[in-house]
Amino acid sequence: MKTKNITKRIKDLKAFWKQPPKGRYMSFKEIISFSVGGIGQKCIVYCVNQMVISIGNVLIGNTIGINPSAMYVIYIISVLSGFPLTALRAKMIDNTRSMKGKYRPYIISMGIPTSVIGILFILTPYENMSLFWKCAAVLLYNIGFQFFSNFYNDAYDSLINVLSPNSIERSDVLSIKSIVENFSPSIANIFLPLVARMITGENTLYDIKIYRVLFPPMIIIGFFIAMLGYVNTSEKIVQAKTHVIQMKFSDAFRAIARNKYFWIISLAGWLGFLEGSFNNIIGWMYNYQHACTPAQFSIVTAIAGNASFWPNIVAPFFIRKFGKKKILIVTNVLNVVFILFMFPVVRMTGNPAIIWIFLVCIFINSFITALSNLLNPSVQADIRDYQQYVTGERIDGMFAAVGLIGNVITLATSSVLPAIYERAGLNKSVALSLGYDGSNVYDVLYNSDYFVQISSVLVMASVVGAVMNVIPFFFYDLSETDQKGMVSVLRIRALFEDYGNGVLEEHTLTEAYEIIKEAREYSGKEPNRIQSTRGREARKNNRKLLEENTKIEIANRVTEELTKYETEQGKADIEYAKRIVSAGLNGFQEIEIPDKKTARKMPKNTQRERELRRNTFIQISNFKASKKAVKKYFPNGIKEFDSKVFDELFKAEYENDVAVNEALRALKAAKDEKRRDDIPRLKAEVKVLQRERAVIARNIKKATEENSIFYRAAKPYLDAKKLLTQAENYRHLDEIEKLYEEALASAK
């Protein structure tokens, strides 16, 4: 049986190496390239994370010698610098129109400066600097990290959001990627103490020489490995071919503000800011209490790092069995329990087994945390699908920009941990009282009494953080079936939009219409009752019934979408849209709409009533923003923007990209073949094409800005036109069915 399974897996690997299986979107080549590329990305992340300012950072604090108070000051400046940089990053992502995709181009363009800054950071001679210049250098590097490193990490990690619209597939691929990519930090953690001993001759990790030997080669090698994720993947966004993003930052902010799942997940992170307070304790046991030898500490770090490996194996099964919400709640509750177990352990100073007992707590906690963290990218992708489903816009980049609110909250809460350190005894006065010179307050940890006192306080702070972290997850109710249903609806909408615009492609037609066919088969059926029975066959039958229930739920959502304009409310929406369109661009604002007082009185007992109530508030907000924009930009009346200008600009951009790539290849070939006469001409050609690219980019930016202003001013009118267009397109289902049958016939 095992041999048959192995043979089948090999056949599947060959069959689906370049083409994904039916119902999936990623080939094995893509999955492996994305996952192995993650090793390189994590090499860079591992190194850069040691250099990013945070309270308790051992490289900046213990090694470079910046005390917690000074670190807090430069931390605030660094975070504040990230506000405009994050907004810029969001705008760049959402306005990226490259044949290479939304995220892939930034794996190169942001990976190079991230690597260069990381290497410069570690080679800077801090040992010859005063505290002021140490702080200045670290701050400048971190401002660079705020943009380039965050952009690079976001681009690679967010790539999974657009590689597949299938939530289960995303979770499966993320599990594989996590298993593979964890090799880099695991190996680094194992060898770090041993290399440190070889370089310094002491049991310490707080010597800058260690990092100067290890980090530069790790960063360089990591960059080239990460290129696999760039070269061998392709992005697949469920969106109409002709769709153009029309949102400015403020519009996107308002749209995301209504995404309850974004706030739930964000709130969990913001409230749990103290949860990781205990993280440095195991390193302190080794460095300050000499709880083990370098070889033993390598084993400790290897085992601790290995804890995050096992959740990757069980995560796909758990997600299918229990769903993301249950896993998020259970894992975070267990976190509270196992962090509490650490409290008596840190008070066992002098016991030779202390670090091993603490390791057990760390391992279990890391296992649980890794399982929860593994879900985060998949949950984030689901939230973005929900955003597109509700607003019609794919504004992934803006989530990072709106997340700046979290940075403000972090600034407010980040002073808590330094205050805890200070109050617990990690300060200059205590260091002086113990006979140290006070230049490095962490010397206090050599004293066993203060080590116990400070560690105990940090463990209890972690417990408080873990308790606060779990509360928001109880309100998260976006299921895997909901996500599948929303993506199915998005495919239907894209199908009809492309049909109406005359750009319907065969693969889009086939995939979307098969969703409609399945919806016709299962819509209106009663869900199966699942009985708790034992036995292999009974469980197998239950799985089939659950799969059918999922199809029924998705079918009902798809059918509701297709027939929404046939309902009483849908007909009322059409009539209202006709009134707005009939009033014209410069008359629609005179149409009477409900005020907020009336909207608050609307019923909210059913899902449909809540949706209508929410849409009314959105409508009120849109009319208000429209009037404000008209007053500011169109005092003499709204002038319609011709969006066809984008067709020419995007075509020119694409042709320029192709020409630049061809010119660069020709230049490289000329250099390789040493054709010196051709090199100046080709260089000049590349420069001309790059100048053309800059002009096209400026024109696209200008057109996007003009379109955004028009879009905001005319949004109620444009939404009404869009609704009427969609309603008209939905009436042509029979014609789309004929096209589908013709496509099937031609494929035979």
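**A walk through helices and charges**

Guide: Happy to! Helix α24 is followed by G502, whose phi is positive, near 70°. This is a predicted model, where local features need pLDDT of at least 70, side-chain atom pairs count only at pLDDT 80 or more, and totals for chains, interfaces and linings use all residues. Residues are numbered from 1 along each chain as its sequence is written, and side-chain values use heavy atoms, with hydrogens and water left out.

Visitor: How many of the 21 residues of α24 are buried?

Guide: Helices here are DSSP runs (H or I, at least four residues), numbered from the N terminus. Helix α24 covers residues 480–500 and reaches 31 Å from its first C-alpha to its last, close to the 30 Å expected at 1.5 Å a residue; that expected span is 1.5 Å times one less than the number of residues. Buried means under 20% relative accessible area, exposed over 50%, and partly exposed in between (1.4 Å probe, protein chains only). By that rule α24 is mostly covered, and its buried residues number 18.

Visitor: Which residue forms a salt bridge with K260?

Guide: Side chains of opposite charge can pair when their charged atoms come close. A salt bridge is a side-chain nitrogen of Lys or Arg within 4 Å of a carboxyl oxygen of Asp or Glu. K260 has such a contact at 3.7 Å, N to O, and its partner is D477.

Visitor: How many residues apart are K260 and D477?

Guide: The side chains of K260 and D477 meet in a salt bridge. That pair links distant parts of the chain, with K260 in helix α12 (residues 260–271) and D477 in the loop between α23 and α24, and the separation is 217 residues.

Visitor: Is E673 buried or exposed?

Guide: E673 meets R675 in a salt bridge at 2.7 Å, N to O. R675 counts as partly exposed because its relative accessibility is 30%. E673 has a relative accessibility of 52%, so E673 counts as exposed.

Visitor: Which helix holds both D678 and R681?

Guide: D678 forms a salt bridge with R681, the closest N and O atoms being 3.8 Å apart. An α-helix has 3.6 residues a turn, so residues three or four places apart point the same way. D678 and R681 are three residues apart, about one turn, and both lie in helix α31.

Definitions and conventions: Helices (H or I, at least four residues) and strands (E, at least two) are DSSP runs, numbered from the N terminus.
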